[in-house]
Amino acid sequence: MLKRKVTKKLESWYKSGRCKAPIIFGARQVGKTTAIREFAKLHYTHFVEINFVKYPSAAKAFDGDLTTHSIITNLSAMGFGPFVEGKTLVFFDEVQECPKARTAIKFLVEEHTYDYIESGSLLGINYKHVQSYPVGFEERYDVFPMDFEEFLWARGVSQQVIDTVKNAYAKLEPVPDFIHQQISRYYREYLVVGGMPEVVQRFVTNPDFNEVVKAQQSIMTTYRADISNYAGRQAPLVKRVFDAIPSSLGKQDKRFVLSDMEKGASLRKYEDPTQWLIDAGIAYYSFNT
C-alpha cells in the first residue's frame with residue numbers, strides 16, 4: 001500500500017482528541033479515499049463509509065433533524081453500520097453531493113458520539129452551495145498527487161537515503177555520486193509516471209510504461225467527463241484549455257499562452273475557464289517563474 005503524507009496529518013488529528021472533523025480536499029483520484037480507509041483500519045473497530053455519489057439516496061438521511069440520533073437512525077435504516085459509540089469512524093465521501101451533511105457536521109462533532117471525516121473533490125466542493133458552513137468544526141487538509149518523496153517511498157527507497165539527499169540540498173553540498181545516479185533515475189521515472197496513485201501503484205507492480213499510459217489515459221477521460229458534468233455552459237472552453245495545457249508546457253519556453261489555442265484568443269474569453277480548472281485542482285498557477 002502506498003504511503004501518503006496526509007496519513008501523518010490524520011494521525012495528529014487522532015491524537016489531539018478529534019474535536020473537529022477533517023475535511024480532505026483534492027482533485028479526483030489523488031488518493032483521498034484510500035488514505036482514509038487505511039487510516040481507519042489502524043484505529044477503529046468499526047468503519048462506516050457513505051459515498052454520496054455511489055449511494056445518492058443516503059442524502060435523504062439529512063432531510064430531518066440534524067442531530068446524531070436522527071441522522072444515524074436514518075442511515076442505519078438504509079443499511080449503513082454498525083454504529084458503536086466511541087469505536088466508529090463515519091466517513092462522508094464525495095460530500096459535495098450532500099451539502100446538508102457538511103451543515104450537520106457542526107452538530108455531529110459537538111455531540112461527539114462518533115468520529116467523522118469528510119472528503120470531496122474540489123470540483124463539487126467549490127461549486128455546490130452549502131446552507132451553513134460548520135465554521136470551527138472542520139479541519140481542512142489538502143491532498144495533491146504524490147510528490148517525489150512519496151514516489152521514492154513507493155519505489156522502496158529508504159528514508160535514510162532520502163534524508164541524505166535532503167541534507168545535501170540544505171547544506172548546498174554534493175550528493176554522493178552513486179546516490180545521485182540512482183535518485184536521478186527515479187526522478188526520470190517520476191517525470192513519466194507522474195503522481196497519481198493508481199498509476200504509481202500499477203508501475204510499482206508492473207514497470208511497463210504501456211500500462212502506465214493506459215492508466216493515465218483512463219484518468220484523463222474521467223477528468224474530461226467531470227468537466228462535462230460540472231462546468232455547465234463553460235464546458236467546451238474548459239476542455240479546450242485542459243487539452244491545450246500539456247502541449248504548451250511541452251514547448252521550449254514551457255509557458256501556457258492563450259494565443260496558442262486560437263488566433264486572437266483573449267483573456268476575457270478564457271480567464272473563467274482557466275480559473276475553473278484551478279478551482280477544480282486539475283491545473284495550478286506557477287508564479288514568479
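User: Which residues does Arg 202 meet in a salt bridge?
Analyst: One of them is Glu 211, at 3.8 Å, N to O; a salt bridge here is a side-chain nitrogen of Lys or Arg within 4 Å of a carboxyl oxygen of Asp or Glu. The side chain of Arg 202 also meets Glu 198, at 3.7 Å, N to O. This is a predicted model, where local features need pLDDT of at least 70, side-chain atom pairs count only at pLDDT 80 or more, and totals for chains, interfaces and linings use all residues. Residues are numbered from 1 along each chain as its sequence is written, and side-chain values use heavy atoms, with hydrogens and water left out.

User: Where do Arg 202 and Glu 198 lie?
Analyst: Both are in helix α9 (residues 197–205), 4 residues apart, about one turn of the helix. Helices are DSSP runs of H or I, at least four residues, numbered from the N terminus.

User: Why is Arg 202 called partly exposed?
Analyst: Because its relative accessible area is 30%; buried means under 20%, exposed over 50%, and partly exposed in between (1.4 Å probe, protein chains only).

User: What else does Glu 211 pair with?
Analyst: Lys 214, with the closest N and O atoms 3.4 Å apart. Glu 211 and Lys 214 are 3 residues apart in helix α10 (residues 209–230), so about one helical turn separates them.

User: How many salt bridges does the count come to?
Analyst: The count is 18. Lys 5, Asp 147, Glu 149 and Lys 166 are linked in a network of them.

Definitions and conventions:
Helices (H or I, at least four residues) and strands (E, at least two) are DSSP runs, numbered from the N terminus.
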